Amino acid sequence: MKVSAVRQALLLIVLALVPAIGEAIYFRNKVSWQSPIPASELVTVEQARSWGDNVIWVDARPDNEFERDHIPGAISLNEDRWNELLPEFLGQWSPEKKVVVYCSAESCDLARVVAERLRKEAQVPDVFVLEGGWEAWVKKNR
């Protein structure tokens, strides 16, 4: 009787692990494991729009999401092709411009990572992360 109970328990554990592993793989880039972005580095859609032509929009999402849709005029700059895409960004950037980086949603960490790399590696000042990401943009532009 004990062997049967142990087998059932192991079967239940395995069955619970299958969807958990699938979810972890699917959401691996959508969950932020980092500390929250400081308020001074966040910008709302309205704030960024108020900057008018003085803003460069940077889409940190994977290429397929950028190709599907993006903020008009946005530049793709993601972790997968950083070295390839950075020169295009730098060609459009000038010191008086503010940079707004976004990814899929508020829970997405890609925008924070790209913004941090722009500040540290490319020495670009005035880099902000769009609060709510692409989802916030879509919501404000229906």
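Q: Leaving aside neighbours within four places in sequence, which residues is Asn-54 in contact with?
A: Contact is taken as heavy atoms within 4.5 Å. By that criterion, and with neighbours up to four places away in sequence left aside, Asn-54 is in contact with Glu-96, Lys-97 and Lys-98. Asn-54 itself lies in the loop between α2 (45–50) and β2. The model is a predicted one, in which local features need pLDDT of at least 70 and side-chain atom pairs count only at pLDDT 80 or more, while totals for chains, interfaces and linings use all residues. Residues are numbered from 1 along each chain as its sequence is written, and side-chain values use heavy atoms, with hydrogens and water left out.

Q: Is Asn-54 buried, partly exposed or exposed?
A: The classes rest on relative accessible area: buried means under 20%, exposed over 50%, and partly exposed in between, with a 1.4 Å probe and protein chains only. Asn-54 is partly exposed, at a relative accessible area of 28%. Its C-alpha atom is separated by 8.7 Å from that of Val-99, a residue 45 places apart from Asn-54 along the chain.

Q: How many bridges join β1 to β5, and which residue of β5 stands opposite Val-43?
A: β1 and β5 run parallel and are joined by two bridges. Val-43, found in strand β1, stands opposite Leu-130 in β5. The next pairing, that of β4 with β5, is parallel over three bridges, and Val-101 has Val-129 of β5 as its bridge partner. β2 and β4 pair in the parallel sense over five bridges, with Ile-56 opposite Val-99 in β4. Finally, β2 (residues 55–59) is joined to β3 by two bridges in parallel, and Asp-59 stands opposite Ser-76 in β3.

Q: What surrounds Val-43?
A: Beyond residues up to four places away in sequence, Val-43 touches Ala-48, Trp-51, Val-100, Phe-128, Val-129, Leu-130 and Glu-131. Val-43 is buried, with a relative accessible area of 1%.

Q: Which residues lie on each side of β2?
A: In a regular strand the side chains alternate between the two faces of the sheet. In β2, Val-55, Trp-57 and Asp-59 are on one side and Ile-56 and Val-58 on the other, and all are buried. In β5, Val-127 and Val-129 point one way and Phe-128 and Leu-130 the other way, again all buried.

Q: Which residues of α4 are buried, and why do they line one face of the helix?
A: The buried residues of α4 are Trp-82, Leu-85, Leu-86 and Phe-89. Seen down the axis of α4, they fall within an arc of 115°, so they line one face of the helix; the arc is that of the directions from the helix axis to the C-beta atoms. The face turned away from this buried side carries the exposed residues Asn-83, Glu-84, Pro-87 and Gly-91. The buried residues of α4 pack against β2, β3, β4 (98–102) and α5.

Q: At what angle do α4 and α5 pack, and which residues meet there?
A: Axes are lines fitted to C-alpha atoms, for helices over the stretch in contact, and angles run from 0 to 180 degrees between N-to-C directions. Helix α4 (residues 82–92) and helix α5 (residues 110–120) pack at about 65°, with axes 13 Å apart. Trp-82, Leu-86 and Phe-89 in α4 meet Val-114, Arg-117 and Leu-118 in α5.

Q: What covers the buried residues of α5?
A: The cover includes β2, α4, β4 and β5 (127–130). The buried residues of α5 are Leu-110, Ala-111, Arg-112, Val-114, Ala-115, Arg-117 and Leu-118.

Terms used
Two strands pair if DSSP finds at least two bridges between them. Helices (H or I, at least four residues) and strands (E, at least two) are DSSP runs, numbered from the N terminus.
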